[in-house]
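This report concerns salt bridges and helix geometry. Please consult the sequence and structure shown below.

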Amino acid sequence: TDMIIVGGRHPMKAKYSVGFKSDGRITALHLDLGLNTGTAPDLSAILPTNIISSFIKYNWGALAFNIKLCKTNVSSKTTMRAPGDVQGSFIAEAIIEHVASVLSVDTNTIRRKNLHDFKSLAVFYGESVGEASTYTLATMFDKLALSPDYQHRATMVEHFNNSNKWKKRGISCVPITFEVRLRAAPGKVSIMNDGSIAVEVGGVEIGQGLWTKVKQMTAFGLGQLCADGGECLLDKVRVIQVDTLSMIQGGFTGGSTTSENSCEAVRQSCLILVERLKPVKESLEAKGGTVEWSALIAEVKIPLCYDFICCRIPINLI
């Protein structure tokens, strides 16, 4: 019942005025956008930023927009995964298709004509652009649009539409952009007396594979102490779902960077543990050759628990 009432994305009403040349190059755009936020604002205020971030995947030339959050008499919708990104991308594609329709040209031609080069990308996205060599959107678009498989499917669609009066099919090649921002995240690695390893991170496993990645990073981070590089440790690692008492400043899970932040915090924790364990390992090796993980841990007399908050916050665009 709850999902029926509040599930789904925010309804929006968009009005736009777009200027473009005869070759399909868009030169100016004004967008008025109204968001139906329902009776309560909830997290609706974060949507405008996400909408525009995904909307400016094209070079609109001179861009102006006005976004209003509208209080109505219906229930507020949820901020589900990528809140606002889908709507922003959809509105952008509607404008592109409108321009293509007016000019009677293939939509992909208009899309490709208005994709960013690195210079315009920097104008629209600022510091998020990264290095010029890492911008691959235009290359990926060309690779897909010109691929034999896409061309074959487009031909099949055209043939079907020419042969059927009432039923029609379509195929679309849609680029997307997503602004990636890394944020501080905590991680804690504890090695037990029996050699098992307990890991805690602030992120929540919601099907994105967070715990699998954290386990792999833990085995990799402690792998310097093992002859096989840490492969033997995978089965010894367990990830514990934490609460705000055992792992403070956990933050939220979202933004497509929780796994990366959590893994980096775990890696930093492992580096400290390796630094503590290496002298013990070298001492044992001097006495009797190769040292197994369980033997190494049994010999340790100091606490083997370390937590780390990953505080590096680089920004990049993919």
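Arg267 counts as partly exposed because its relative accessibility is 24%; buried means under 20% relative accessible area, exposed over 50%, and partly exposed in between (1.4 Å probe, protein chains only). The model is predicted, with local features requiring pLDDT of at least 70 and side-chain atom pairs pLDDT 80 or more, while totals for chains, interfaces and linings use all residues. Residues are numbered from 1 along each chain as its sequence is written, and side-chain values use heavy atoms, without hydrogens and water.

Arg267 forms a salt bridge with Glu264 at 3.0 Å, N to O (a side-chain nitrogen of Lys or Arg within 4 Å of a carboxyl oxygen of Asp or Glu). Glu264 is buried, at 17% relative accessibility.

Lys281 and Glu285 form another salt bridge, with the closest N and O atoms 2.6 Å apart. Lys281 is buried at 14% relative accessibility, whereas Glu285 is partly exposed at 32%.

## Course of helix H9

Helix H9 comprises residues 258–288. A kink of about 35° lies at Leu277, shortly before Pro279; the bend is the angle between axes fitted to the seven residues ending there and the seven starting there. Gly289, with a positive phi near 85°, follows the helix.

Glu93 and Lys57 meet in a salt bridge at 2.8 Å, N to O. Glu93 belongs to helix H3, and Lys57 to the loop between helix H2 and strand S3, 36 residues apart. Both are buried.

Technical notes:
Helix = DSSP H or I, 4+ residues; strand = E, 2+ residues; numbered from the N terminus. Expected span 1.5 Å × (residues − 1).
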